[in-house]
Each structure stands twice: as structure tokens, then as C-alpha cells.
Amino acid sequence: MVVIKSWERYKHHLYNDDELGLLLDISRMNFSDQFFSEMTKDMEKVYGEMELLEKGGLANPDEGRMVGHYWLRYPDLAPSVEISKGIQDNIADILRFAEQIHKGEITGEKKQAFRNILIIGIGGSSLGPRFVRSALASPRDKMKSFFIDNTDPDGIDYVLGEIGATLDSTLCIVISKSGGTIEPRNGMLEVKACYQELGLSFAKHAVAVTQVGSRLAETSHNENWLKAFPMWDWVGGRTSVLSSVGLLPLALQGMDIINLLQGAKDCDERTRGTDTPRNPGALLALMWYYATQDQRGKQMVVLPYKDRLELFAKYLQQLIMESLGKEKNLKGETVHQGIAVYGNKGSTDQHSYLQQLLEGPDNFFVTFIEVLKDREGTSPIMAENSTSGEYLQAFLLGTREALTEKRRESITITVKEINAYTIGVLIALFERAVSIYALLVGINAYHQPAVEMGKKVAGDAINLKNKILDFLKVHPGKTFSIPEIAQAIQEEEHQEMVFKILLHLTINPEHGVNLEQGHPLPETRFFVDG
Ligand SMILES: O=P(O)(O)OC[C@H]1O[C@H](O)[C@H](O)[C@@H](O)[C@@H]1O
């Protein structure tokens, strides 16, 4: 297959919007001249369905929920006055709270001003604020931000070590839509213990972002935390960055959340349009559809040539893979849909996996993200009459050409510069593409039924570990093999899991489990100290 590349094709298909500061070039995707006309009927249907979704239809039927992230930046669009007022009040509340924190009107227990924020959350309750923070951070930020997004003890220690003695001037934001996710619950309890060790009240340094009525809401209320900000059931975790989840930490860091929202709102306005060549969200979704139709299984490699956008690939990975990776379509048929997303940043990637992209299997399409403005101010000339930024662009252009030469397809998104507005545009652009693509392939993009499976097995493993401990503790000092333990606790079918749990228990000191090393290793015998 030859990738068609020509100046005429480029001009013909280029989407350009000065106000959004956005260009979208799809000309290096190999779709045929008839592709858009062939898709007209499908797209008409999609536009109708998107209208219903935005009006508050139950677009997430399995969970019986509306899909309202588009209202977050355009509250008047919401289906009820109550919802639109709730969104507006929340933004005002966030701005007021941030101002009070910045002015030192709300302080920690020792009356010192808050200097840091520690965000405790996972998945959609972490990736959005982390991505936007890294895109917009500057030395002028009003607060320094830290993130705990796992239940890894060493990871938690590392972050707490970085915060060090400034824990007393650290505001903890515990974010969990459901309010019951294990990882942030553990992060919160670990951090709480640290405050207690310093003789400080965690509650006087904590705010919650969660749904009304959740376990976290209850805890924050019962313990009298500084404040709780709402999450709504009509906003999914992976599309929550423009709700309290992202807006609160970003406002506290002093970022321009109003322009972030404005960028998303303006992008939504364009991507709501039904004239496909003038709708960048539709163009993007159609390219994904073209690349993956007939289950061609193409992966999306996201290559932003900008350090500040390095986390964008990770952010998009959740947005796209959790939304589109589905076993069943809306009719209940087995379809195994999904687009695998990975990426890092250019030109770094040129020195790692580009080799495979050029010569390995042709099972992907690249999405380049180009930023025209290099930096604030003027750049020095480095070599060959060129600045570092000119080299960065040269690497992007070179890689793009090389891919085309090797008949590998690519999309190029260009933004004029990185600021709150363009980040809002990019977020909204991909959210819309996800919604449209999901409608094209007939799946529910707003639920994640399979994620629950891993959580259930994790719960089973904790129960199994406690059964093992209970058994060993009844026989202190006595050694047991894996089959003996498994049989005694009636878990014969889980011997491998019993073995793995015991290996972990012996390395860590908490439960006093020891071993007599066997050869080979699975013949090891285990005991608790007598
Ligand atoms: O915000 P939470 O309810 O704690 O959820 C955090 C994350 O965990 C879940 O497993 C979901 O798959 C994600 O979509 C979600 O963003």
C-alpha cells in the first residue's frame, strides 16, 4: 500500500481553525476519495445521537447514566437548571477556595499558609490533573504539587520524603469519584498516619472530591475535613479533568482554569457541527475508524514533540482504551473493539522505538502533535544557523517523512502554543473523537465492566492471605509445605497463589512469616515465629 502524499491532498484535507489555534492534517492517512461520501449516512446518524447525548439522554445505558462531561464547560447545555447551576456554583466555589488558600485565609493546623498540594487519587482521578499540571506548570505556580496514585508503599514513601518537613503546610486532596477505590483509600490512610506522627490533624489539612453519599464523602464529613467538592455520576473518571477532579488542583496551583474551560467549550462548538470537513473531532474519529475498520487491529502511537505533552499519551491511553476497549457492542454482540494507545514524546522516541515503527509490523498509525511556539522569548542559535526548536521540528518532519516513505500512516495535529486554552482544546478534541468513534462502532464508551474483574480477584487474594496467616498462627514454629497449607485451608486449586503470597509475606516483616528454603523453590516450607 502506498501512502498518498501530495501538496494538493494536504491542502484539500487540512482542517485549520485560527481561533482554536489548531490544524489537523489527515492527508497522510490512506483513505480513498470515496471514504467521506461513503461515511455520510453513518455520520448523519452519529450527529443525531451526539445531540441526544448532549441533551442528557441515557448514553451510558448499562449504568443507566447520562454522559455530561460536555456540560462542564458549557453549563447552559445541561438538561436541567439544577445541573447547570451546580456546575457554575462549583467553579465559583473552587475559585473562591483557591483564593482563600492563596491569601492564607484558610491555613493548616499550625496557622501556616499552605504551600503544597498532595493529590491522592488513581486513574481518571489522577491522570487528568497530572497531565494538565505537567503541560502548564511554571516556576510562578502558587503551590507545588505532589501525587500519590498507587498503593505502592515505597512509592508513597518517596513522595512523602519529597514533601519532608513541609507536610504541615501541605493540603491533601483525596479524589475518588466512587469514594471506595482501594488505592486512594490506602494512600489517604498512610498519609493520615504521617500527620498523626507529627502530632497534626489530617482532617485540618484535607479536602475531598467525591460523589455525594460515597464512603469518602462520609469520612470527610464525619472527620470534619476542610471541605468536600462534588463529583457527579454523569461524569466518568476518564472525562473528569474539567470537573472538580482537575479544576480544584489546577486552580490551587494558580492555573488559568477559566481559559482551560473556554478552550474546551470552543472546541466543542466546532466538533458539534455536522459539516464533517469542518469538524475536527469527526475527522479524527473517522481516521480512527478508517484505520481500524474490519478489525485491522491498528494501534495508535501518540507522538507529541513537546516535553510538556509527555503525559498526554498516558492520559489518552486511559481515555481511549477504557472507553473503546469493549467485548460487546450495544446490541450485545461480541465485537472485541479497541484501539491500543501508547507513546511518549519526540524526539526522545526516535532514539527508542522508532526503529520498529519504521521496519517492524505495520500495525499502527501515528498521531503527531506539533507545537509551533518553541518557548517564551527568543532562542539562541545552536548550530547550522538553527535553534533547538528548529531541530525539534526538523526531527518531527523527518520522522513523518521517513514513516511515509515506509508506507506507514500518520495524522498530524498542530497547535500554535501550549497554554490553558489549547490544552482545553486538545482535551475536548479527543473526548469528542472518542464519543463519535464509539457511536460509529456501536459501543458504550462510558462504562468499564471488565475493570471490576481485577478488583474482585485482588479482594480474593487479600482474603486468601488472611486465611493463610490465620492457619500458620495456630501452629507457631511449625513448618508447612504449599500443598499442606493449601489443603488445610481448602484452597488446593490456588496453590500457586498461596506460594506467591507467602513469598511476599516472608520478605516483609509485618506478619512474622519465615521460610525454610526448598530446592527447587516451590518446595519451600513456611512458618510463623513461635
Ligand atoms: O475515582 P475513582 O472512583 O476512585 O476511580 C478511579 C478509577 O478506577 C476505576 O477502576 C476505573 O476503571 C477508572 O475509570 C477510574 O478513573
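How many bridges join strand β3 to strand β5, and do these strands run parallel or antiparallel?

Modeller: Happy to! Strand β3 (residues 116-120) is joined to strand β5 (residues 170-175) by 5 bridges, and the two run parallel. Before going further, please note that this is a predicted model, in which local features need pLDDT of at least 70, side-chain atom pairs count only at pLDDT 80 or more, and totals for chains, interfaces and linings use all residues. Residues are numbered from 1 along each chain as its sequence is written, and side-chain values use heavy atoms, leaving out hydrogens and water.

Strands here are DSSP runs of E with at least two residues, helices are runs of H or I with at least four, and both are numbered from the N terminus. Two strands pair if DSSP finds at least two bridges between them. Within your pair, Ile117 has Leu171 of β5 as its bridge partner.

Now for the surrounding sheet. It is open, with 5 strands in the order β4-β3-β5-β6-β7 and parallel pairing. At its edges are β4 (144-148) and β7 (227-231), each of which pairs on one side only. Neighbouring strands are turned by 20° against each other on average, direction ignored; the axes behind such angles are lines fitted to C-alpha atoms, for helices over the stretch in contact, and angles run from 0 to 180 degrees between N-to-C directions.

On to the ligand. A residue counts as near if one of its heavy atoms lies within 4 Å. There are 15 residues around the ligand, and Ser125, Ser176, Ser178, Thr181 and Glu322 come nearest. The shell divides into 2 nonpolar, 9 polar and 4 charged residues. Helices α11 (312-324) and α15 (451-474) each supply at least two shell residues.

Ser125 places a polar side-chain atom 2.6 Å from a ligand oxygen. Lys177 uses a polar backbone atom, 2.7 Å from an oxygen of the ligand, while a side-chain N or O atom of Lys455 is 3.0 Å from a ligand oxygen. The protein covers 88% of the 390 Å² of accessible area that the ligand has on its own, with areas from the Shrake-Rupley method and a 1.4 Å probe.

Note on methods: A polar contact is a pair of N or O atoms within 3.5 Å; within protein, one must be able to donate a hydrogen and the other to accept it, and residues adjacent in sequence count only if both atoms are side-chain atoms. Ala, Val, Leu, Ile, Met, Phe, Trp, Tyr, Cys and Pro count as nonpolar, Asp, Glu, Lys and Arg as charged, and the others, Gly among them, as polar.
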